[in-house]
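Let's walk through this fold together, one packing arrangement at a time. Keep the viewer open beside the text as you read.

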Amino acid sequence: MEQKPIFIENQYMGRDRSWVSVRLVLALFCFIAYYINIDRESESQLFLLVGCAILFVSIVMMYMLQYRITVEEGSVKLSGLWTTRLVKIDLNSIVKVEAKPYSRFFINNPVYNLHTKGRIRFYAGGRDAVWLTDRDGLVYVIGTQRPVELKQAVKKAKGEA
């Protein structure tokens, strides 16, 4: 019989506020340049085309799934985009679960399964994350929009709560 997940969350590629605002500022620049150069028709049409393309790509990215967090009994599964591997974290080896900010920086790049400095990071957007530390000292940093719920689900899956 198949287990029912305790917690499921989808992280989308284009929904981080800082990168959405960067794309919108670029599109706004293109539209202003189009308006200023309206007399020179060929150059102004290029600005209009680029501005519309930026808006279209931004809308498509808002619905593009970067990864899915699934908490089940005894494990946390992170499944990413088309070519990424499924990452399964065994909760029997986890010794500490914390909900704290992802990073002190204002703008962060989306990452999936990035290994740096003893940490494995998963991030699509937002400010918060759940930090899982295993017995060997390896830290899994999982960016989430709902850190309290994810932390409670991980503790429930471990059998602590």
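The paragraphs below go from a helix pair to the strands.

What you see is a predicted model, in which local features need pLDDT of at least 70 and side-chain atom pairs count only at pLDDT 80 or more, while totals for chains, interfaces and linings use all residues. Residues are numbered from 1 along each chain as its sequence is written, and side-chain values use heavy atoms, with hydrogens and water left out.

Start with the helices. Two packed helices are described by the angle between their axes and the distance between the axes. Here, helix α1 (residues 17–36) packs against helix α2 (residues 41–62) at about 160°, and their axes are 7 Å apart. That makes α1 roughly antiparallel to α2 (a term for angles over 145 degrees). Axes are lines fitted to C-alpha atoms, for helices over the stretch in contact, and angles run from 0 to 180 degrees between N-to-C directions. Helices (H or I, at least four residues) and strands (E, at least two) are DSSP runs, numbered from the N terminus.

Who makes the contact (heavy atoms within 4.5 Å)? On the α1 side, the residues include Val20, Leu24, Ala27 and Phe31; on the α2 side, Phe47, Leu48, Gly51 and Leu55 are among them. By class, the contact of α1 with α2 has 16 nonpolar, four polar and one charged residues. In this scheme Ala, Val, Leu, Ile, Met, Phe, Trp, Tyr, Cys and Pro count as nonpolar, Asp, Glu, Lys and Arg as charged, and the others, Gly among them, as polar.

Now turn to the open sheet of four strands, ordered β1-β2-β3-β4 with antiparallel pairing (strands pair if DSSP finds at least two bridges between them). Its edge strands are β1 (7–12) and β4 (87–90), each pairing on one side only. From one strand to the next, the twist averages 15°. Within the sheet, six bridges join β2 (residues 65–72) to β3 (residues 75–80), and Tyr67 stands opposite Gly80 in β3. Helix α3 (residues 147–158) packs on this sheet and touches β1, β2 and β3, its direction making about 40° with that of β2.

Finally, look at strand β8 (residues 128–134), where six of the seven residues are buried (under 20% relative accessible area, 1.4 Å probe, protein chains only). Seven bridges join β8 to the antiparallel strand β5 (residues 94–101), and five join β8 to β9 (residues 139–143), also antiparallel. Leu132 stands opposite Val97 and opposite Tyr140 in β9. β8 and β9 form a hairpin with four residues between them, and Gly137 in the turn has a positive phi of about 90°.

Conventions: Angles under 35 degrees count as roughly parallel, over 145 as roughly antiparallel, 65 to 115 as roughly perpendicular and the rest as oblique. Contact means heavy atoms within 4.5 Å. Buried means under 20% relative accessible area, exposed over 50%, partly exposed in between (1.4 Å probe, protein chains only).
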